Protein chains: 2
Amino acid sequence: MPRRTPVRRSAAKATLTREAIAEAALALIDADGLEALSMRRLGTALGVEAMALYHHFRGKGELLDAVMERLLDEAELPVRGSAPPLERVRHFVESYRKIAINHPHAFILLTYRRFNTERTFELYERFLEALADAGFDPPLAARFFRLLGYYVGGAGLADIASRAAQPDATPVSLEKSPPGERYPCVAAVAPHLRVRNLDAIFEFGLDVIFEAMKKAAARR
Amino acid sequence: MPRRTPVRRSAAKATLTREAIAEAALALIDADGLEALSMRRLGTALGVEAMALYHHFRGKGELLDAVMERLLDEAELPVRGSAPPLERVRHFVESYRKIAINHPHAFILLTYRRFNTERTFELYERFLEALADAGFDPPLAARFFRLLGYYVGGAGLADIASRAAQPDATPVSLEKSPPGERYPCVAAVAPHLRVRNLDAIFEFGLDVIFEAMKKAAARR
DNA sequence: ACCTGAACACCGTTCAAGT
DNA sequence: ACCTGAACACCGTTCAAGT
């Protein structure tokens, strides 16, 4: 097991709340990675026995749901009237991607765990409301809702993977052994896939999707 | 810790190879989930001590890379000349999504672990070759390469999450407590997001992306 | 070269007990 | 109501030893 910084026992030891626990859990994940989050380590960080946490969460799954809610608090939900509907949606999607950038170890939770708490329903509602305001009927709203969700989830994860060090991987990497003549197309494209280009690539994909949305909205 | 079927000790106990180990690992993941894959359980399944596996893989990370290669064997790579370039790409992307459907517990490996083995380079090469054949220069190929990768990765994960039971989640789910008047847009769209619609939704998103690719290809 | 077995430092969770 | 402490059934990996 790799790098895990010594856990700083909280001096304050304020009374435990779900919010404080989720906050500490996210801090631990941000610092040391998702695998480093354990009930024992989290307890230690909060100055408490691991089992104390079970008084606030039924188990680790519920704790992770609370961390997801904390993450989603950082997304800027579409607010009715603040801007034209599709602009609201785009801003929201861009803010969602920032969660991936700011919490590379935690973001994956948002892609493989279901959204099923009150606050996540609120997010869906604001998102779908903006799509309705843009003129999409429910079937079409469902399609663009999923398309955008797929895109921003996949982009977040892929960009994190591109940025991450992966010490446990099979040694031999694209950077170290240049593709050369065996992989000419890879060699030609690789320079355009550097980390510094990922923001522009993300926006390009959004352009493609929003172009289609504008056209679909104009058709009705 | 949930359901883990008793491990069937292999009768044959053929000599250990990387391929046989990766195969058994994938079978274990398919049956019981990614968290159920442990070196100990895998050893037992193969009729061998856990430590024997370390003679073939440096650690669990390398083993997971081998499982990824096994998964990617199920993708149908674009083959030059078999069809027009964009059709080749679309067929490949659709076959990639089938990996998610067929290996819901393992697919996530392909989204958060980097591709950095020979066989994954081969996949990149065939993919990018088809994009080059379609007429895209390297910068544009890079953009559509990522766009498609984001989409198919995100779609695979999201569809898996939609289909999966999640016993450790916070109880209260969209299906159980109908949104009603608090979430009217969710209520309107939810019927169109049922599992049986996910295939059509995936194809809709591909239509959007390939429409843009056709237009971009025509411009040169 | 390939595998074993004991050991080390971890996990999530149950359960009975304390205050 | 909230927390502790011991216990149970697990982890990945190191290391020395066997063949």
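This is a predicted model: local features need pLDDT of at least 70, side-chain atom pairs count only at pLDDT 80 or more; totals for chains, interfaces and linings use all residues.
Residues are numbered from 1 along each chain as its sequence is written, chains are lettered from A and ligands numbered from 1 in the order in which they are written, and side-chain values use heavy atoms, with hydrogens and water left out.

**How the two copies meet**

- The copies meet through the same surface, because 98% of the interface residues of chain B are also interface residues in chain A.
- Asn116(A) sits in the loop that links α5 (109-112) to α6 (118-133) of chain A (helices are DSSP runs of H or I with at least four residues, strands are runs of E with at least two, and both are numbered from the N terminus).
- Asn116(A) counts as buried, since its relative accessibility is 9% (buried means under 20% relative accessible area, exposed over 50%, partly exposed in between, with a 1.4 Å probe and protein chains only).
- A polar atom in the side chain of Asn116(A) is 3.2 Å from the backbone oxygen of Thr170(B).

**Chain A at a glance**

- You'll find 9 helices and 0 strands in chain A.
- Of the 220 residues in chain A, 51% are buried.
- Among contacts in chain A with a separation of 6 or more, 73% are between residues 24 or more positions apart (contact means heavy atoms within 4.5 Å).
- Chain A has an accessible surface of about 10400 Å², and carbon and sulfur atoms hold 57% of that (areas come from the Shrake-Rupley method with a 1.4 Å probe; for residues, only the protein chains shown count as cover).

**Two buried spots to look at**

- Arg97(A) belongs to helix α4 (residues 85-102) of chain A, and with a relative accessible area of 7% it is buried.
- The side chains of Arg97(A) and Asp159(A) make a polar contact of 2.8 Å (a pair of N or O atoms within 3.5 Å; within protein, one must be able to donate a hydrogen and the other to accept it, and residues adjacent in sequence count only if both atoms are side-chain atoms).
- Leaving out residues up to four places away in sequence, Arg97(A) touches several others, including Val152(A), Arg163(A), Leu198(A) and Phe202(A).
- Over in chain B, Gly33(B) lies in the loop between α1 (18-32) and α2, and it is buried at a relative accessible area of 0%.
- Gly33(B) and His105(B) are 72 residues apart along the chain, yet their C-alpha atoms are separated by 5.2 Å.

**DNA strand C**

- There are 18 residues around DNA strand C, and the closest are Arg40(A), Met51(A), Tyr54(A), Glu49(B) and His55(B) (a residue is near a strand if one of its heavy atoms lies within 4 Å of it).
- Of the atoms of DNA strand C that come within 4 Å of the protein, 45% are in sugar and phosphate.
- Phosphate oxygens of DNA strand C lie 2.6 Å from a side-chain N or O atom of Tyr54(A), 2.9 Å from a backbone N or O atom of Met39(A) and 3.1 Å from a polar side-chain atom of Ser38(A).
- Helix α2 (residues 39-45) of chain A contributes the most to the surface near DNA strand C, namely 3 residues.
- That surface near DNA strand C is made of 8 nonpolar, 4 polar and 6 charged residues (Ala, Val, Leu, Ile, Met, Phe, Trp, Tyr, Cys and Pro count as nonpolar, Asp, Glu, Lys and Arg as charged, and the others, Gly among them, as polar).

**DNA strand D**

- DNA strand D has 18 residues around it, with Glu49(A), His55(A), Arg40(B), Met51(B) and Tyr54(B) coming nearest.
- Sugar or phosphate makes up 47% of the atoms of DNA strand D within 4 Å of the protein, and bases make up the rest.
- A polar backbone atom of Glu49(A) is 2.6 Å from a phosphate oxygen of DNA strand D, and for Met39(B) the corresponding backbone distance is 2.9 Å.
- The largest share of the surface near DNA strand D is 3 residues from helix α2 (residues 39-45) of chain B.
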